[in-house]
Amino acid sequence: MLKCKCPRCRRGDMFKGSPYSFSNKINLNCPHCNLFFEIEPGYFYAAMYVSYALNVGEALGIAWLTYLLTHNQDSPWLYLGAIILGCFALAPVNFRYSRVFLLYWLSPKIHYQSYLDTDDIPGKS
């Protein structure tokens with residue numbers, strides 16, 4: 001899951017390019033088992049809710065880390081600036097992992113199939 005592999009075969013890449021490149025796009029199908037990632041039209045709109053939860057957790061973590069590093073209790077601008085910069089810096093990672101979490105944990109239709117986790121797939125030459 002951390003390497004953004006297909007939830008069904010765990011071999012094919014879900015994304016093209018790296019998180020911080022301009023080609024940070026999700027593949028339509030798994031290159032290994034041909035799973036269509038967008039199960040139904042508009043399926044990844046639900047990833048916005050997962051991304052929101054990730055952003056809230058990251059904002060709390062950044063605020064806590066800012067307090068541990070600075071021990072500043074007076075300036076809300078320090079915390080606001082750190083949170084905004086941190087959330088912008090982590091946005092490409094949130095884009096990827098919100099979709100990964102959605103497909104791995106929140107999709108009842110997709111399950112790991114161990115027979116696909118091989119180099120040779122039955123029916124493919």
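Predicted model: local features only at pLDDT ≥ 70, side-chain atom pairs only at ≥ 80, totals over all residues.
**How the helices pack**

Let's start with helix α1, which covers residues 47-70 and packs against helix α3, residues 91-105. Their axes are 8 Å apart and meet at an angle of about 120°. Angles from 65 to 115 degrees would count as roughly perpendicular and those over 145 as roughly antiparallel, so α1 and α3 are oblique to each other. Which way does α1 pass α3, left-handed or right-handed? The crossing is right-handed. On the α1 side, the contact is made by Ala-47, Val-50, Ser-51, Leu-54, Asn-55 and Glu-58. From α3 come Asn-94, Tyr-97, Ser-98, Arg-99, Phe-101 and Leu-102.

Helix α1 also packs against helix α2, residues 76-89. Here the angle is about 130° and the axes are 9 Å apart, which makes α1 oblique to α2. This crossing, too, is right-handed. The α1 residues involved are Asn-55, Ala-59, Ile-62, Ala-63, Thr-66, Tyr-67 and Thr-70. They meet Leu-78, Tyr-79, Ala-82, Ile-83, Gly-86 and Cys-87 of α2.

| Helix pair | Angle | Axis distance |
|---|---|---|
| α1 and α3 | about 120° | 8 Å |
| α1 and α2 | about 130° | 9 Å |

A pair of aromatic rings is described by the distance of the centres and the angle of the planes. How many aromatic pairs does the model have? The count is four. One to look at is Tyr-43 with Phe-44: the ring centres are 5.5 Å apart and the planes sit at 70°, so the pair is edge-to-face. Both Tyr-43 and Phe-44 are buried.

Elsewhere, Tyr-97, Phe-101 and Trp-105 form one aromatic cluster.

Ser-51 belongs to helix α1. Is Ser-51 buried or exposed? With 18% relative accessibility, Ser-51 counts as buried, because the cut-off for buried is under 20%. Setting aside neighbours within four places in sequence, Ser-51 is in contact with Asn-94 and Ser-98.

Val-100 sits in helix α3 and, at 0% relative accessibility, counts as buried. What does Val-100 contact, leaving aside its neighbours within four places in sequence? The partners are Met-1, Cys-4, Met-14 and Phe-15. As for spacing, Val-100 and Leu-90 are 10 residues apart in sequence and 15 Å apart in space, C-alpha to C-alpha.

Asn-29 is a loop residue, found between β2 (25-26) and α1. At 29% relative accessibility, Asn-29 counts as partly exposed. Not counting residues up to four places away in sequence, Asn-29 touches Asn-34, Leu-35, Phe-36 and Phe-37. Phe-15, which we met as a contact of Val-100, is 14 residues from Asn-29 in sequence and 9.9 Å away in space, C-alpha to C-alpha.

Methods
Residues numbered from 1 in each chain as written. Heavy atoms only, no water. Phe/Tyr/Trp six-rings, centres within 6.5 Å; stacked < 30°, edge-to-face > 60°. Buried < 20%, exposed > 50% of the residue type's maximum accessible area, 1.4 Å probe, protein only. Axes fitted to C-alpha atoms, helices over the stretch in contact; angles between N-to-C directions. Helix = DSSP H or I, 4+ residues; strand = E, 2+ residues; numbered from the N terminus. Parallel < 35°, antiparallel > 145°, perpendicular 65-115°, else oblique. Left-handed = near helix turned anticlockwise from the far one by under 90°. Contact = heavy atoms within 4.5 Å.
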